[in-house]
Amino acid sequence: MKSILGALLVVLSAGAQAQSVAFTFDDGPRVAQTPLLSPQQRNQALLDALAAQQVSAALFVTCDNGANQPAGYALAQAWGRAGHAVGNHTMTHLDLNSAKVTLAQYQQEITDCDKITSTLPGYQKWFRFTFLREGNTPEKRDGMRAFLKQTGYRNAYVSLDTSDWRLDEKLVQVLEKNPQADLAPIRQVYLSHIRQRALAYRDLSRHLEGRDIPQVILMHHNLINALWLKDAIQQFKDMGWTITTPALAFADPVYQQPPEKSVAGQSLLLSIARSQGLGKFPGWERLVDDGDVDIEALKQQGL
C-alpha cells in the first residue's frame, strides 16, 4: 500500500510541476504613445499585474524602442529593480530571414543592444531571436549558434507562442476610431486566444516529449497586456497551471538542444515537430494563423 501511495504522490507531484508556465515579454520598453495609457502607465500596469500575481518574468529589450533614451531606460530599469530578468532582443528588431540583413549586421545589433542591457539590473545573457526567426540560410543559422556560444548567450526559446500583438493592433485601431468603445469583447477574445494556445501547446508537448514541459510564453510589452495581463495570469491559475520563472523553465532539457529543423517565426515545439517529421497534425492551423480566427470573431461583433 505504501509503495502505491508513494507512486501516486510522485505522479501527482510531476503533474503539478509539469503544467507550468513562465512569462516573457518582447519588444519593451516601448515609449511610443498609445490610446488610454502613457508609456509610463503601460509599463507600470505590466509590473503591477506581475506583482499582484507574484510572477517573476523576463523582459527582452529591443533597445531602439526606448531603452536607448533616458525615459525608456528608466522603464527598463524598473523591470530589473522589481526582480525580473532582462534580456536582449536586438537594437531595431531586424529580420534575420531577410535577404537584406547580413549575419554581421544582425550580430552587431545584438552587441550594440548588449551595451545597454548589460548596465541594467536583472541583466541576463539571454537572447531572443526577432520574429523567432533564426536565419534564412544554413550559414546564418550556424553562424548565430556559434556567435551565441562564443559570447555566452542563451537562446531564449519560446514554446507557447501567442499572437497577442495582433490583438493589440486591433485594440489600438478600435480605440483610435472610438475612444469610448466597449472593450469587453476584445478582452474576452484575448483571454480565449491565450487559453487556446496554452492548451494546444500543452497537448503538443505531450505528443512530442511524452510529458508536460514548463512552457515559456511569448507576450509583448504593449497596451493589451497592460490592460489585462493580470486576468491572463489568473486564467492560467484557474486552469490549474502553476507559474514558474524563466530561469527554471530554461533549465528543462527541452530547451537545451537546438532542433534540427526550425519553423520560421514559430514555437520551439513546432520546430521539434518538424524535426521529427510530424507534419500537419490536428489543430496545427490554429497555431500558425497569427490570430486570424480571433480577429474574425471580433469582426463578427462589429469591431
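This is a predicted model: local features need pLDDT of at least 70, side-chain atom pairs count only at pLDDT 80 or more; totals for chains, interfaces and linings use all residues.
Reader: Which residues does the UniProt annotation "domain: NodB homology" cover?

Author: That annotation covers residues 19-244, and it comes from an unreviewed UniProt entry. Over this stretch the chain is 49% helix and 15% strand. The end C-alpha atoms of the stretch are 10 Å apart.

Reader: How is a pair of aromatic rings described?

Author: Two values are used: the distance of the centres and the angle of the planes. Here the count comes to 9 aromatic pairs. Take Phe23 and Phe236. Their ring centres are 5.7 Å apart and their planes stand at 90°, so this pair is edge-to-face. The cut-off for that label is an angle over 60 degrees.

Reader: Where in the chain do Phe23 and Phe236 sit?

Author: Phe23 is in strand E1, residues 20-28. Phe236 is in helix H8, residues 223-238. Together with Trp241, Phe23 and Phe236 form one aromatic cluster.

Reader: Are Phe23 and Phe236 buried or exposed?

Author: Both Phe23 and Phe236 are buried.

Reader: Which residue lies over the face of Phe60?

Author: That residue is Arg128. It is 4.3 Å from the ring centre of Phe60.

Reader: Now the helices. At what angle do the axes of H4 and H5 cross?

Author: They cross at roughly 30°. Helix H4 spans residues 103-117, and helix H5 spans residues 138-151. Their axes come within 10 Å. Angles under 35 degrees count as roughly parallel. H4 and H5 are therefore roughly parallel to each other.

Reader: Is the crossing of H4 and H5 left-handed or right-handed?

Author: The crossing of H4 and H5 is right-handed.

Reader: What should I look for in the backbone?

Author: Start with the general rule. Most peptide bonds are trans, and most residues other than glycine have a negative phi. Now look for departures from it.

Reader: Which residues does a cis peptide bond join?

Author: A cis peptide bond joins Gly28 and Pro29, with omega at about -15°. Pro29 is in the loop between E1 and helix H2, which covers 39-52.

Reader: What is the phi of Asp27?

Author: Asp27 has a positive phi of about 70°, although it is not a glycine. Asp27 belongs to strand E1. Its relative accessibility is 8%, so Asp27 counts as buried.

Reader: And what is the phi of Phe131?

Author: Phi of Phe131 is also a positive value, near 60°. Phe131 is found in the loop between strand E4 (123-127) and H5. With 36% relative accessibility, Phe131 counts as partly exposed.

Reader: Why does Glu109 count as buried?

Author: The cut-off is under 20% relative accessible area. Glu109 has 11%, so it is buried. Glu109 is in helix H4. Glu109 and Thr62 are 47 residues apart along the chain. Their C-alpha atoms are separated by 9.7 Å.

Reader: How far apart are the C-alpha atoms of Asn155 and Val101?

Author: They are separated by 19 Å. Along the chain, Asn155 and Val101 are 54 residues apart. Asn155 is in strand E5, residues 154-155. At 14% relative accessibility, Asn155 counts as buried.

Methods: Residues are numbered from 1 along each chain as its sequence is written. Side-chain values use heavy atoms; hydrogens and water are left out. UniProt positions are given in the numbering used here, feature names are shortened, and annotations may be inferred rather than shown by experiment. Helices (H or I, at least four residues) and strands (E, at least two) are DSSP runs, numbered from the N terminus. Rings of Phe, Tyr and Trp (its six-membered ring) pair if their centres lie within 6.5 Å; planes under 30 degrees apart count as stacked, over 60 as edge-to-face and the rest as tilted. Buried means under 20% relative accessible area, exposed over 50%, partly exposed in between (1.4 Å probe, protein chains only). A charge sits over a ring if NZ of Lys or CZ of Arg is within 6 Å of the ring centre and within 35 degrees of the ring normal. Axes are lines fitted to C-alpha atoms, for helices over the stretch in contact, and angles run from 0 to 180 degrees between N-to-C directions. Angles under 35 degrees count as roughly parallel, over 145 as roughly antiparallel, 65 to 115 as roughly perpendicular and the rest as oblique. A crossing is left-handed if the near helix is turned anticlockwise from the far one by less than a right angle, and right-handed if clockwise.
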